[in-house]
Every structure is written in C-alpha cells, then in structure tokens.
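Subject: Structure handover and notes

Dear colleague,

I am passing on the structure below, together with notes on what was found in it. Please read the notes with the structure open beside you.

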Amino acid sequence: MSEKYKITIDGVSTEVEPGTTILNAARQIGGDLVPPAMCYYSSLEGSGGKCRTCLVKVSKGSEKDPRPMPKLMASCRTTVMDGMEVQNLTSPEVQEARKGVVEFLLINHPLDCPVCDQAGECKLQDLSYEHGTEATRYEFNRRTFERIDIGDKIQLHMNRCILCYRCVYVANQLTDQRVHGIVGRGDMAEISTYVEKAIDNDFSGNMIDVCPVGALTDKTFRFKNRVWFTKPVWAHRDCDKCCGRVTLWYKGDDVLRVTGRKDEYGEVHEFICNTCRYDKKRTKDWVIEGPAKVERQSVISANHYDSKVVPVIDKR
Amino acid sequence: MEVYRKQGGYAAVEKALKTMTPDEVLEEVKKSGLRGRGGAGFPTGLKWSFLAKPEGVPRYLVCNADESEPGTFKDRDLMVRNPHSLIEGMIVSSFALGANTSYIYVRGELFYVIRILEKAISEAREKGFLGKNILGSGYDLELYVQPGGGAYICGEETALIESLEGKRGNPRIKPPFPAVSGVWGCPTVVNNVETIAATSWIVQHGGDEYAKIGIGRSTGTKLISACGNINKPGIYEIELGLPVEEFIYSDEYCGGIAGGKRLKAVVAGGSSVPVLPANLILKTMAGESRLMSYESLAEGGFVSGTMLGSGGFIVMDEDACIVRNTWNFTRFYHHESCGQCSPCREGTGWMEKVLHRIEYGHGKMSDIDLLVDVAAKIEGNTICPLGDAAAWPVGSAIRHFRDEFEWHVREPRLSQERNYGLAGYADPLPVQAAEA
C-alpha cells in the first residue's frame, strides 16, 4: 500500500503502514518511548492485550476524528489511525497505570529471582526495575500452585507465571497438537496439561523462549549457570526441521544451552526445533557466526563486550 | 402458545414480515429510543445500525440470557413466564438485522428455563413462525438455545461469543467490535432478553408510541428486580421516570422497608454499580428527587450518582453492614474474574483479601486508602468491563461510607458484635413506624 499513516508518539512523528499497531509504530521509532510489553509477541498471531503494561493514552484519535479515546488503550492491539497522537512517557496517567499493573503482576509473583534460572533475562525483572516501586503493599500469602511435571525437557513453575498466554499461542501455531492450556479461572487460572501429560513434540522448546518470566525453563540448563556468566554466540547448522539459526550460550568452551535468536525486545522470530535446542550441544555441531547482539537493558551485556555498564541507581 | 396468540402474540411477526422491510423495522426501533436493558444502556437502534453488512457473510443475533449479576433476576422470570415474547422479539429483531441463525445464550444453571424455551421454540416452529419461509415471506430463521457454563464473565458480549463458539469464555479485545466480527468472525449483535422482548411491542405499536412511555431519553418500561430489606421483593415493570422514593415506599411496588426500619443504602442497578446512601438515592445533590431513569440515576457522575444498570435494585436497611456487603460483592468478582488481564486477575483478589481483613477486625487505617488506590488502578485498565464493575462498588462504598470502614478498623471488637447503623446517612424521610 502506498498510503501511509502519520502518528506522533510523545512528540516524535513517524509514518507507518496502515494496520500497524501503536506498539509497533513506537518500535519503529525506537528508544525509550517504546511501551514495555509482557504478553505481546510479534511473531505470534493473536497475542497481546492481556498484561496491560503497554497501556498508552491516545490524546487524539485521528485526523478525521480528533476526539481522544476515553480509556487508556493497549498499544499492542490498537491500530494506528492517520494523524493519531499518543502519549506514553509524557502522560502521568499512563505512568501511574503502568506502575499499578507492575504492582499487580508482582503481588503474586514469588520473587525468587536468586534461585530462578530466568534471572538476568527476565522481562518482569526489567519491567519492575524500570516501572515498579521499591516495596509492595501486599501483605498476604502469595498464591501457590501444585507442582506439575510436564516432561523431561521443560520445567514448569506455575508460581512465577504471569499468564501471558504466549506459550499457548506457540503450541497452537507451531505444533500439530496443543496439549496444554489455561485451566481454571481468575487468579487461580494456571498453565496446565490437565491430566499431567508430558508436552512432547518437535517444537515444544519454543515455549521456553517465549516465556517472559521463569515459569517455563530449560531442564537441561537448569541450575547450570547464571545467564550473565554465559556468553551468547550466534551460530547456525543445516537442520531439516527448522531454520537452524540459534544462539549458543558458552561458558568457557562448553555450550550450556541453545536458544532461538532474540531481538532487542526479547522476541524470537525464527523458532527452532528441539533437536537443535537439546541435542546439539557441542561446538562442532555448529558454524559460529560471532558474538550475539545483546539487547540494551540486559545484564548479560554487563559482563561482555564493550557496552556501557548500566549504573545501578538506588531509587530510594 | 395459544394463550399468547389470543392476547395478540406474534402479531408483530406477521406485521413485520408481511408489511415491513428490515430497514423499516430498524427505523422504528431507532425512533423508539429503546436502550439496551443489559446494563450499559446503549441505544439499541444505534447498535443495530453499526452492524456491518458485507456481501455473502451471514449475520447473527445473539440473545444474552446469561443473567448472573447479583441482584438481577428479571430475565429469568421473563423467560419462564413468557418465553414467547422473547421468541417473537427474536424473530422480529433477526428479521431487521437480516440474521438467518440466532442464538439464545442461556445461563447454564437455568436448566428449567432452557427446557421451557426449547418447548416454546418447537411450538413456534409448528405454527410456522420459525424455520424456512416464515409465513410465506421468504424469510428463514433458525433459533437455537445454547446453555452456558454458568460463568458471570460470559455475560460480557465478547466472552459470550467465545463461549458460544465452544472456547474458553475470555473476553476478546475490542476493537473489532462484535458488530464487525462476532460469532464465527461474522457480524453479530448481542442484546439482552428484555431488549429483544421489547422490540416486538415496538414493531406492533410503532416506535413513536414506545417513545411516549418513559421520560426524556429513557423511553419505555423497565423490569426492576427489587430485593433486600423491603416488604415486597420481586420483579416490577415500571415506567422509566418513576421517582425512586415512590418505588421504594409505595405499596404498589416495594412497599417500604421491612420491619419499619430506616433506609440506609441502595444499590440501584445490580452489584456492579456504585452504592448510594439513602440521602443521595432519594434526592440528587441539587436537591431534585431522583427518578428511575438512565439519566437521573447517573446524575452527579460517580461522585454522587450511580447507574440504572441491569435493574437489580438492592435495598439495605439500617442494620446492613456496608463493609460486609462490599466484601461480598468483591468476593464474587474475585471468583468470577476470567484471569486474562492482570489488573482484574490480581486486583480483585487483593481487594477481597483486604476487605476480608477489615470486615473481620484485622484492618489498618492505611487499608482504606489502599483499597481506593487499587480500585482506581483496576478501573478502566482492563479488557472488559468486569474490572470496572469490580472497582466501582468498592470505590463508591468507601466514598460514601468511609466512617463505617474507619469504625471497623478502630473498633475491631465492637464491629464483630454489632453493625454500624445509620450514622450520618439518616434517610431524609420520616420514620414510618413512628407515624403509626
């Protein structure tokens, strides 16, 4: 389509294709004005709209209909109209709502980061660091779930889950048969296989990659190392099932784990198969491309390469 | 069926199908000013006119009979006592919308209602009001009854559609609205039972005639399910614009507060609307007497007003405990939250726990402000209105009855022994018992 829509986010204008969401328009601009997203996953159709961290204020609907939208909108699911004006960082209302959402997400999160394998690459950590408060006002027992076993490759920690539904979409869209889903309602809803069946198919490992928190982690990497001590390296191999383009995570000369390649928003666009993920953990299986690009806020980058070390600011 | 026919039933079907075009029916409904009876009060004619009409795509009408708002029980009785009025409304409305398949989504708990509806549908089919080529007009309509799973959230129109399609009843993210993409991705209109039943009357007598009933933009009549501490709880059909005072105290309606007690508070439209103390429900801030209409009840915004909602009129007398009542509502929303979006999933549970603590005498003063803050952070930030519905009763209860909450915190022991009573919210009317 030749026609492009103009959108202004926090005073920065850009032109995007019709049908683009506000979040993706913001990502095209880049920088700090990109709203955080916990549940939206660009390569998964239908994802988004659930976590409410990406709420923005639409201060002008469009050129034709300049009325502001009455409520804060989920930027990942709201499409851009021509002449739309959006406030993200510049709206105190949005910041306040986002703080609320982060607090809601954290009240039942176990905060067991010291023993969680996701620590260091956890979206919830980044989010609460950037938008959360120092202390919680929640004074009750946190919700806990019965532990269930979903197979020998993936570890499920339901207590850490924020119910983003990403893993459900992965199973729906990547695999022939989805055997897990959301069971239960309200704050007792959980990811489950219902009759404790093992999740076993060639692409199940991608559930680990899409999980923003430590609810789904790799059993073969479990407790092996902290992610910031490992070195991500891009590599590829000829695979008859998937694209074969992966990130290898090295500790010394050993490949500790294999994941898909994540972009700066922590999203994988080329999903990989379980053979690549679990069975090819030797350097000789792979053709090395070079060090992986690491996203801006990641602590992984703190130990490697030349990048700026993020100063730790005591917010109190 | 016979009785209904004798009293002029199905005349609207004959009139609509034989003498009118769908657009004419739509025009009549628009003229009538009929507003959705499910709670939001959205003008029905306008809603119908939003329906997308692409070529070659079927359209659907879905009747929302998943009535599960605490305090509302009007649709159930309407369906039990007069199922044919709903079916007639369904035929007329489907005709106006050009829908050839329509569903009635009934709450799963109401088994007997489903049986009654199915019997009534088969009767209508025998008489030729349903099926192929109705009354020789060339219009086909199939009507199905779909029992739901009994979840409150499935009363939200997009969750209802998901549930109807056999999926988990999670609300969809809007837009797209059902009018563009509803059941099976086709344009769909979802209306309340009462709304649909009203359309047949409108077609029969004309929209102008309907608009004469009621007051201002609140036209027609409304079924109010009155319950709580009143002498005559039950379902009353009122003309919109009836003064609230008359509704509560007149013998024709609620018949006054039970036991000659005094009025403390009223929840005017089902559990999810803001609760109002006696002085504000009878008179607005401006001192005018409040009427049973969409506008009058909403006067003063959420600061001093409420909503007509779905017409679940819950009356609380001086012995009712607002804290307990609020806790009870919140417990309901906590249980019924679908768990899809974070503010509602986590927030309702949090509010419930804090209210439980206050009610049982373990609260702190800071809890009250915490509740206000949590409610404010849920409100407006969720996918569907359930979050708002959960936040409003809490916010309004604290706004109007703050000293009762404070008393619960200050006097934990006393609050377990007795209720707070009327305090500063004395109802402005003379005590009836004193008169006698």
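In chain A, the side chains of A:R160 and A:D112 meet in a salt bridge, with 3.0 Å from N to O; a salt bridge here is a side-chain nitrogen of Lys or Arg within 4 Å of a carboxyl oxygen of Asp or Glu. A:R160 lies in the loop between β6 (154–156) and α4 (166–174) of chain A, and A:D112 in the loop between α2 (92–107) and α3 (123–131) of chain A, so the pair ties together parts that are 48 residues apart in sequence. Helices (H or I, at least four residues) and strands (E, at least two) are DSSP runs, numbered from the N terminus. A:R160 counts as buried at 3% relative accessibility, whereas A:D112 is partly exposed, with a relative accessible area of 22%; buried means under 20% relative accessible area, exposed over 50%, and partly exposed in between, with a 1.4 Å probe and protein chains only.

Before going further, please note that this is a predicted model, in which local features need pLDDT of at least 70 and side-chain atom pairs count only at pLDDT 80 or more, while totals for chains, interfaces and linings use all residues. Residues are numbered from 1 along each chain as its sequence is written, chains are lettered from A and ligands numbered from 1 in the order in which they are written, and side-chain values use heavy atoms, with hydrogens and water left out.

Over all chains, a search of the whole structure finds 51 salt bridges. One of these joins B:E194 to B:K222, where the closest N and O atoms are 3.1 Å apart. This pair links distant parts of the chain, since B:E194 belongs to helix α9 (residues 193–205) of chain B and B:K222 to strand β7 (residues 221–228) of chain B, 28 residues apart. B:E194 is buried, with a relative accessible area of 7%, and B:K222 also counts as buried, at 0% relative accessibility. Another salt bridge brings together the side chains of B:E14 and B:R5, at 3.4 Å from N to O; B:E14 is partly exposed at 27% relative accessible area, and B:R5 is partly exposed at 32%. There is also a network of salt bridges that links A:E96, A:E103 and A:R137 with B:D373 and B:K377.

Chain A holds an open sheet of four strands in the order β12-β11-β10-β13, with antiparallel pairing; two strands pair if DSSP finds at least two bridges between them. The edges are taken by β12 (254–259) and β13 (287–291) of chain A, each with a single partner strand, so one side of each is left without a neighbour in the sheet. Within this chain, strand β10 (residues 231–236) of chain A and strand β11 (residues 245–251) of chain A pair in the antiparallel sense over six bridges, and A:V233 stands opposite A:L248 in β11(A).

Chain B has 21 helices and 13 strands, and its C-alpha trace spans about 70 × 50 × 35 Å along its principal axes. Buried residues make up 61% of the 436 residues in chain B.

As for confidence, the mean pLDDT of chain B is 88, and 97% of its residues reach 70 or more; pLDDT is the predictor's confidence in each residue, from 0 to 100. Over residues 431–436 of chain B, however, pLDDT stays under 50. Where pLDDT is low, the predicted coordinates should not be read in detail.

Notes
Contact means heavy atoms within 4.5 Å.
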